[in-house]
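The following exercises are to be worked through with the sequence and the model in view. Each task is followed by a solution in steps.

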Amino acid sequence: MSRLELLTPEGLRVDGRRPNELRKIIAKTSVLAQADGSAYIEQGNTKVLAAVYGPQEVRHRMQILHDRAIINVEFNVAPFSTSERKKRSKNDKYDNGIKLQTSQFPRSQIDIYLQVLQHDGGTLQACINAATMALIDAGIPMIDYVCASTAGCIDKQPVLDLNYLEESSDSPELTVAILPRTGKVNLMSMESRLHVDMLESVASLATEGCEQIHTILDAVVRDTTQHLKDSLMQ
Amino acid sequence: MNADPVAPSFSFEIFERIKPDEYFRRFIEENVRPDGRSLHAFRPTSIRQGAISTANGSAMVRIGGTTVICGIKAEVAEPRIDRPKDGYLVPNVELAPICSANFRPGPPSEQAQINAETINHVVETCQILDLSELCIEEGKAVWTLYADIVCINYDGNILDASLLALICALKDLSLPKATVLPSSIVQADSSEKTRPLQLRRLPVSSTFCVFSNPKVTLSDPNDSEESLSKKIVSIILDTEGTILYVHKSGGSVCDPEMMKDCFTKARARASMLKELIERVIV
């Protein structure tokens, strides 16, 4: 039984990328009319839609916080999004690690809804990036972007941005989310085995990936705002 | 009853919030709707096939602001004993909170269930698909098509959009060639595809919203119009003009002329959509 070669001797991966290359990213904001803020992100074949509603009145009175806003995240995976159909339970809770100035909106609620349309590895990081863009689009003040990226390790070589095939092999997957301006780590998550010696290189590769993603997302936001400004000036 | 003269700049938005009925009525009196359409105009419709590559067949449909994506996944199942050659088509409609602030997370809402059931009913009783095309081996294995219709932006008239998305996704579907091995394992070869499914008929839905005061019927209601009147008439025709399904919600009366008028408009809409589908679907 032949094993799929995830990393060829020349250093190419299954989809032709180099180990430190990100997948192609397409990001758009203001894609949904009903939501206060929305964003659509494609990282390779992973497609995620994010919608933000808020700040608005808290739905359950018992949960009101007198000095801050509540953030509610709902994560929904479409049944057709993976290669085998999975009817996921609607309320999969993922710690999203978003940094908001919630003290600006006491006694209110901010809802973040994520819809995964197509799943090809790196769902958590795509969701975090999409949620960040949607929050910016909604005009909710934030300390900084939260940019996330995954990295793993194939044959002792750290690789950036794993796709589904690489994730399902025995490569560990480390997800890192940082605040790019300060470089501080917001979220670090891994659910597989990784040798502690490799941790340093894998983590720094993931952080580099985050910086690259930040550049791309920031360019999209500035571009959209420029368009908005131009159309208002006319 | 006249409203007092108010300062011009932001008055109409506040008026819309406080008195939506009156706001709406003033537009209808001028024979136009708040979004600028004429009373019987449907919103611009667009179809895009193959939006989701992980699904066996998919389509994204936009009617005005309402956007739905239908993804079809095929799985193998055992056929029913009394129908050994027939596969299954299972439609499901998801109205998640992402599409509108009116929907809450949790089990499918009544509206989603009603829509799913209507679509299911049309598919079954009108036999739009010959289920024996889904047969892998008679009596042993058949394809089950799970059609999941996810709404990503809700602006009224979910039924029309869902049905159209389902039809286009079915036309986009390509199943892998499958054989049943002697060990009863089904082997599917995804590099070889069977020919696309033949649909016997293409059902097309037209929805109308009935108001009693003012006395008017609007085609293709958007979200604000739907919230003003719960009285909906849905007519599903196939592209040849045969009536497949009619539903007028109870609790209000309307003239027979108005119903006839709806049928005429539904026919026009069906032929327009027939052209659109033929243009878009390769």
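**Exercise 1.** How many salt bridges does a search of the whole structure find over all chains?

*Solution.* The model is predicted, so local features need pLDDT of at least 70 and side-chain atom pairs count only at pLDDT 80 or more, while totals for chains, interfaces and linings use all residues; side-chain values use heavy atoms, with hydrogens and water left out. Residues are numbered from 1 along each chain as its sequence is written, and chains are lettered from A and ligands numbered from 1 in the order in which they are written.

Step 1. Apply the criterion: a side-chain nitrogen of Lys or Arg within 4 Å of a carboxyl oxygen of Asp or Glu. The search of the whole structure then gives 22 salt bridges over all chains.

Step 2. Examine one pair: Arg23(A) and Asp161(A) form a salt bridge at 3.0 Å, N to O. Arg23(A) belongs to the segment before strand 1 of chain A and Asp161(A) to the loop between strand 7 (157-160) and helix 2 (164-168) of chain A, so the pair ties together parts that are 138 residues apart in sequence. Helices (H or I, at least four residues) and strands (E, at least two) are DSSP runs, numbered from the N terminus.

**Exercise 2.** Describe the open sheet of chain A and the helices that lie across its strands.

*Solution.* Step 1. In chain A, 5 strands in the order 1-2-3-5-4 make up an open sheet with mixed pairing; two strands pair if DSSP finds at least two bridges between them.

Step 2. Strand 1 (25-29) and strand 4 (70-77) of chain A are at the edges; each has a single partner strand, so one side of each is left without a neighbour in the sheet.

Step 3. Strand 1 of chain A pairs with strand 2 (residues 37-43) of chain A in the antiparallel sense over 5 bridges. Opposite Thr29(A) stands Ala39(A), in strand 2 of chain A.

Step 4. Helix 1 (residues 123-138) of chain A runs at about 150 degrees to strand 2 of chain A, whereas helix 3 (residues 196-233) of chain A runs at about 35 degrees to strand 1 of chain A. Axes are lines fitted to C-alpha atoms, for helices over the stretch in contact (heavy atoms within 4.5 Å), and angles run from 0 to 180 degrees between N-to-C directions.

**Exercise 3.** Characterise the interface of chain B and chain A.

*Solution.* Step 1. Contact joins 29 residues of chain B to 28 residues of chain A.

Step 2. The count of salt bridges between chain B and chain A is 0.
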